[in-house]
Amino acid sequence: MSDADLDLLFDETLKARRRVYEAASATPLEKLELGTDEEVYVKREDTSPIHAYKWRGAYNRMRQLSPEELELGVVCASAGNHAQGVALAAKKLGTTATIYMPCSTPIMKQKAVKSIGAEAVNVILEGDAYDDASAAARAFANSTGQVFIHPYDDLQVIAGQGTMADEIVMAGVGGFDIVYLQIGGGGMAAGVACWLKRYYPEIEVVGVEGVDQASMAAAVAQGQPVTLDYLDVFCDGTAVKKAGAITSKFCAKLIDRFVTVTNPEVCAAVQTLWESLRAIPEPAGAMGLAAWMKERESCRGKRVLTIMCGGNMDFGQLSWIVRHAGIGSARRKFYRFSIPEKPGSLLALLQHFPEKVGIVEFQHGVIKGDGARPVIGIDAMPQQLEVFERTLTDLGIRFEDATGQEDVEFRIIHYDASLLVRPIFIRIEFPERPGALKDFLEMNCQEASIVYFNYNYTGERVGRALIGFDFGSDETRESFRNAVFANTTVLRYAKELSAEALARIV
């Protein structure tokens with residue numbers, strides 16, 4: 001890759017400026033409200049007509065098609081955002097687009113493509129992954145003579161994506177010391193980096209990839225694109241198994257270094273963007289900010305730029321993001337405790353929890369043996385978690401870090417119903433505040449064995465749990481039942497599990 005190639009890309013981006021704004025307007029550059037003196041800016045590509053940046057490259061490429069090529073129509077393959085960009089361009093330019101998408105593409109993205117392109121697009125579902133859809137699309141284009149619009153490995157597509165960097169320079173907020181650019185195929189990173197390095201020669205360009213998505217770093221290291229053995233698709237907007245031949249050459253020249261981020265770190269960045277901008281990006285859209293959060297201490301005093309490259313998130317991903325955001329910001333841990341299996345032992349454990357430590361999850365079930373192994377999820381500042389762990393060690397309470405363990409991740413609660421004698425299972429609602437659950441247990445559970453506990457924080461003002469108790473006598477069981485349903489506890493709601501449901505689990 002020579003300087004002449006960079007000059008060519010710069011010139012093509014310059015020309016792209018007069019084309020792309022036929023399709024849509026510039027997007028805003030906003031400063032994060034962090035409550036500190038840090039300067040972190042976010043380019044809001046999620047505010048575009050397709051809620052992602054891909055319209056820029058697609059329109060710039062298609063705007064240069066000949067009348068004959070437009071008459072024939074175009075073909076593309078995409079799992080989401082590129083398809084929407086092609087659909088927008090097809091409708092604007094009066095052509096048609098055959099769009100191949102993997103069968104696993106969320107319905108939301110399929111509907112978005114059809115809504116944007118209307119009768120100008122024909123969506124065909126093919127294969128289980130992008131590579132399958134891409135192969136089918138290329139074969140179709142070859143058979144029909146239609147132009148294949150590549151999502152990233154095309155000079156005109158790269159130049160179109162680079163127009164967002166021109167908007168950043170023209171925003172009037174001054175220069176930047178470092179920019180974090182998420183990388184999938186590398187089109188956005190190459191286009192943006194080329195433009196920014198021309199105007200801010202001293203800027204450090206950091207390429208950001210998912211831990212199991214680092215195809216560009218591998219391509220740069222090997223000197224040519226390589227195919228990853230495994231590809232994680234949580235950040236589906238950057239899930240590219242093999243980097244582009246063109247983009248990898250540009251990135252080798254323009255990217256100063258690469259950094260990887262984990263999915264929980266991306267979730268933490270999604271939460272930060274929501275709390276600061278009231279914007280919810282798709283996971284790939286938060287990767288740049290996730291890298292800054294990972295390197296935050298070393299960025300003190302620097303002006304930082306990140307790109308929120310898209311906001312097309314499937315609604316179903318929200319629950320996973322919420323559960324893992326605290327893990328990514330080092331404010332949530334899951335602990336597996338070893339305590340005696342006897343009445344009062346679980347309550348005794350909770351009594352050692354500091355007031356400022358919030359319980360966000362509880363997984364416990366009675367099993368054979370003389371010990372219990374409850375799993376409790378904790379939310380607190382990292383320093384408080386360190387103090388908490390030291391306190392447990394000083395008290396001789398045995399525990400292990402269970403964060404990320406498979407059975408904890410999938411909420412598998414080990415439980416042996418054959419050990420129960422006089423069980424009661426109740427659904428409860430309690431005020432979602434530190435100590436409320438412990439208060440209930442202290443008031444009513446001194447003589448009960450807690451044999452099952454299933455609670456997961458949902459962000460509501462009330463907590464909901466399913467708890468199973470067992471008793472040594474009928475008298476203690478009836479006393480407990482009367483106390484719980486007398487409405488004299490901290491509970492705002494309690495209901496005993498129906499006989500039918502109890503029969504299925506006991």
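Two strands are said to pair if DSSP finds at least two bridges between them. In this predicted model, pairing of that kind builds an open sheet of 6 strands, whose order is S1-S2-S10-S7-S8-S9 and whose pairing is mixed. The points below take up this sheet, the helix H12 that packs on it, and the helix H10, whose buried residues pack against strands S8 and S9 among other elements.

**The sheet**

- The edges of the sheet are formed by strand S1 (29-31) and by S9, each of which pairs on one side only.
- From one strand to the next, the twist averages 25°.
- Strand S7 (residues 178-182) and S8 run parallel and are joined by 5 bridges; Val179 has Val205, in S8, as its bridge partner.

**Helix H12 on the sheet**

- Helix H12, which spans residues 263-277, packs on the sheet and touches S1, strand S2 (39-44), S9 and strand S10 (303-308).
- The direction of H12 makes about 90° with that of S9.

**Helix H10 and its buried face**

- In helix H10 (residues 215-222), the buried residues are Ser215, Met216 and Ala219.
- Seen down the axis of H10, these buried residues fall within an arc of 95°, and they therefore line one face of the helix.
- In general, an α-helix has 3.6 residues a turn, so residues three or four places apart point the same way.
- The partners against which the buried residues of H10 pack are strand S8 (204-210), helix H11 (245-254) and strand S9 (257-261).
- Just after H10 comes Gly223, which takes a positive phi of about 80°.

How values were computed
Residues numbered from 1 in each chain as written. Predicted model: local features only at pLDDT ≥ 70, side-chain atom pairs only at ≥ 80, totals over all residues. Heavy atoms only, no water. Buried < 20%, exposed > 50% of the residue type's maximum accessible area, 1.4 Å probe, protein only. Helix = DSSP H or I, 4+ residues; strand = E, 2+ residues; numbered from the N terminus. Arc of directions from axis to C-beta. Contact = heavy atoms within 4.5 Å. Axes fitted to C-alpha atoms, helices over the stretch in contact; angles between N-to-C directions.
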